[in-house]
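I opened a new page for this one and wanted to get my bearings. Here is what I looked up, in order.

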Amino acid sequence: MITHQKRSLSQIVMRLGLYSILAFMALIYLAPLFVMLINSLKDVEEIRTGSLLALPQNPSFAAWSKAWGSACTGSTCEGIAPFFLNSFKIVIPAVIISTLLGALNGYVIAMWRFKGSELFFALLLFGCFIPFQVVLLPMAMTLGWLGLASSASGLILVHVIYGLAFTTLFFRNYYVGLPRELISAAKIDGAGFFLIFWRIVLPLSPPIIVVTVIWQFTQVWNDFLFGVVFSGADNLPVTVALNNLVNTSFGGKEYNVDMAAALLAALPTILVYVFAGKYFVRGLSAGAVKGA
Amino acid sequence: MATKRPLSDILADAMPKLVLAPSFLIVMVCIYGYILWTFALSFTKSRMLPQWKFVGVEQYTKLFNNDRWAVASENLIVFGGLFILICLAIGIFMAILLDQKIRQEGFLRTIYLYPMAISFIVTGTAWKWLLNPSIGLQKIVRDWGFPDFTFDWLVNSEMVVFCLVIAAVWQSSGFVMALFLAGLRGVDQEIIKAAQLDGAAMSTIYRRIILPSLKPVFFSAFVILSHIAIKSFDLVTALTGGGPGYSSDLPANFMYAHAFTRSQMGLGAASGIVMLGGVLAILIPYLYSELRQKKAR
């Protein structure tokens, strides 16, 4: 739209308006994070008497260290650190397994079609959309029978199972877009199923692996429903702990500790997003959201 | 004919099926099997433990006569409707603005999108604070010299559902923007250039060419947003706890409360099935139109 001619006055005004709206929106999106950050650095008294928007007079990390190591989350008072670790113990295996399975499923559905594989894909796709409330009760009973109730492995299993639909969808849509000649040539040369996957398909997959890993990481890290239903007291994820911490109500409300804990709980996904988010958006536009 | 083939060949042929088999099993059991299971439970008297004593549609009658369920479903309609509408409006608007060859586009996009990376629990915690009349926005504006300013939606049972909308829109609208931006980038630039040469105004080009071509994005965004709305459970838990009273409950919270904390398993199962019905009512027309489009192509 921008030409090399000199811009007219009205165009300059338009651009100015455009940038002001964009900047204003940016402020709105940033405001909650900013407010949380500055107030987590104040003490309780300063929050109660001063303005939310005022910068801290004596910034201190006291609330952060309390949130991390000694705040009460329901029955224990060890901060959110142990739950942080719990979340990682659940997230890492769940992400790796569901991504791997998604890649293999996507590879079969896109490149080794057989009678019924499309039907399977349609059946699976439906799994992206079910409200989990409709499977919670049977899942809880099944985990009980398997002896996995209230265990980290049980929670990992649940995340793998219900993450499968999305991971398969991502890989399938990406693999459908790869040139078919690549695979058919390899098949003619007699390369087998896994050789083609390992030598040809996997090396082409990094963009979609990044998308899937980011997606699964944020989904599992941010999960609350499965955490609150399926995990026992020993392996509560950080989201559940944060909610307990905020709603624990002995003594006065320590807003600064709440805010610090919330920021700590959000930190891993925000970091992933800030450092790898552009690959996520690029990957999404490259095919993950294109019609199934 | 298969008798003469070496085992390795048979295995190689079956490999794709073998690889898909575990996932197939999982899908059939943990999605479809469990749905049927929940469906069956919803016709029983089950309370704390499942009991296979069938009572017909009693749980459904109870459900539809339950005031808390009525509030929750009404909330979902208000919350879901506004949430989807506002997210779509902001998403399209921002995507169009960002598509005007903006300097710093990447930077701005990161800012609009980051809430998507945050859990609804954190979002709820933050907004619970901002919307709290005694320390949040109401206090700020009063301190600015408007002592009569009132913004107490969070503790007002008539208005509390709009608090859910505010927090959810803040979290999800950036994602919708990204979807539309990706869609805009996919529009054929040649057509736009041709229209410009013909002297069409930019606003006409958007209205007549660009927006209609974004219909698939529109549909995907709609489906994703309604999915988020229906499963919103954590946002309510963190932001309002369902209160005041149960005035901000959503069906997901109703289901959790009855199935897991109030020992009303049968009723919980029935509410889960009704939620699934709601999703299907949205999903089936969508899938139908997708399939028709595919056939037409």
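My entries below go from confidence to fold to the chain contact.

Ground rules first: this is a predicted model, where local features need pLDDT of at least 70, side-chain atom pairs count only at pLDDT 80 or more, and totals for chains, interfaces and linings use all residues. Residues are numbered from 1 along each chain as its sequence is written, while chains are lettered from A and ligands numbered from 1 in the order in which they are written.

Confidence: I checked pLDDT, the predictor's confidence in each residue from 0 to 100. Chain A averages 86, and 92% of its residues score at least 70. Residues 288–292 of chain A stay under 50.

Fold: I found 13 helices and 0 strands in chain A, counting DSSP runs numbered from the N terminus (helices are H or I, at least four residues; strands are E, at least two).

Chain contact: I noted 69 residues from chain A and 73 residues from chain B, with residues in contact if their C-beta atoms, placed from the backbone, lie within 7 Å. On the chain B side, helix H1 (residues 7–41) of chain B gives the most, 17 residues.

Definitions and conventions: Two residues are in contact if their C-beta atoms, placed from the backbone, lie within 7 Å.
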